[in-house]
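Good morning, and thank you for coming.

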Amino acid sequence: MWKDFFYFSKSQRIGILVLMGLILLALAANYTLPWFFPVKEQNGTMFLSEVEKFKKSLVSRDSLLKATRQREYEERYQKYQTFHSFPSYKKNVPYTLFSFDP
């Protein structure tokens, strides 16, 4: 009875052995790769200087965008002012109703 649960065919046994071999190879690589490729210690000053440069670039882009939007706003506002100050716009036009049959 227990042989029914623990019986593996030849191809399944080969697959299990290959899988175990790959697992052992991955574990061995995990321990040996740091010896071949040592990790360099960094104190983070290079990273912090890159962060500061990035922040400064963001500020300059934001200020340029803000100046562009301010200029567009002023142009629109000026057009609005000239449109409403035009004298023919303020004429009182009498409205008349007419019959409409859709």
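What percentage of the 102 residues of the protein count as buried? The figure is 0%. The cut-off matters here, because a residue is called buried under 20% relative accessible area. Please keep in mind that this is a predicted model, with an average pLDDT of 82 for the protein. A pLDDT of at least 70 is reached by 88% of the residues.

Let me turn to the overall layout. The secondary structure consists of three helices and zero strands, and along the sequence the pattern reads α-α-α. The accessible surface of the protein is about 11100 Å². Carbon and sulfur atoms account for 66% of that surface.

The helices can also be considered by confidence. Among the elements of the protein, the lowest mean pLDDT, 72, belongs to helix H1, residues 2-5. The highest mean, 94, belongs to H2.

I would like to stay with H2, which covers residues 10-36. This helix has 27 residues, and from its first C-alpha to its last it reaches 38 Å. That is close to the 39 Å expected at 1.5 Å a residue. Where does H2 bend? The bend, of about 35°, is at Asn30, and a proline, Pro34, follows within four residues.

Leu19 also has its place in H2. With a relative accessible area of 51%, Leu19 is exposed, because the class begins over 50%. Together with Ile23, Leu24, Leu27 and Tyr31, Leu19 makes a nonpolar surface patch of about 560 Å².

My next topic is charge. Side chains of opposite charge can pair when their charged atoms come close. How many salt bridges does a search of the whole structure find? The search finds two.

One of these salt bridges joins Lys53 and Glu50, whose closest N and O atoms are 3.7 Å apart. Both residues are in helix H3, residues 45-85, and because they are three residues apart there, about one helical turn separates them. Is Lys53 buried or exposed? Lys53 counts as exposed, at 56% relative accessibility, whereas Glu50 counts as partly exposed, at 44%.

The salt bridge between Arg71 and Glu75 likewise has its closest N and O atoms 3.7 Å apart. Arg71 and Glu75 are four residues apart in helix H3, so they too are separated by about one helical turn. Arg71 is partly exposed, with a relative accessibility of 44%. Glu75 is also partly exposed, with a relative accessible area of 40%.

To conclude, I would ask you to remember these points. The predicted model has three helices, and 0% of its residues count as buried. H2 carries the bend at Asn30, while H3 holds the pair Lys53 and Glu50 and the pair Arg71 and Glu75. Thank you for your attention.

Key
Residues are numbered from 1 along each chain as its sequence is written. This is a predicted model: local features need pLDDT of at least 70, side-chain atom pairs count only at pLDDT 80 or more; totals for chains, interfaces and linings use all residues. Side-chain values use heavy atoms; hydrogens and water are left out. Patches are made of residues with over 30% relative accessible area and no salt bridge: like charges are joined within 9 Å, nonpolar side chains (Val, Leu, Ile, Met, Phe, Trp, Tyr) within 5 Å. Accessible areas come from the Shrake-Rupley method with a 1.4 Å probe; for residues, only the protein chains shown count as cover. A salt bridge is a side-chain nitrogen of Lys or Arg within 4 Å of a carboxyl oxygen of Asp or Glu. Helices (H or I, at least four residues) and strands (E, at least two) are DSSP runs, numbered from the N terminus. Buried means under 20% relative accessible area, exposed over 50%, partly exposed in between (1.4 Å probe, protein chains only). The expected span of a helix is 1.5 Å times one less than its number of residues. The bend at a residue is the angle between axes fitted to the seven residues ending there and the seven starting there. pLDDT is the predictor's confidence in each residue, from 0 to 100.
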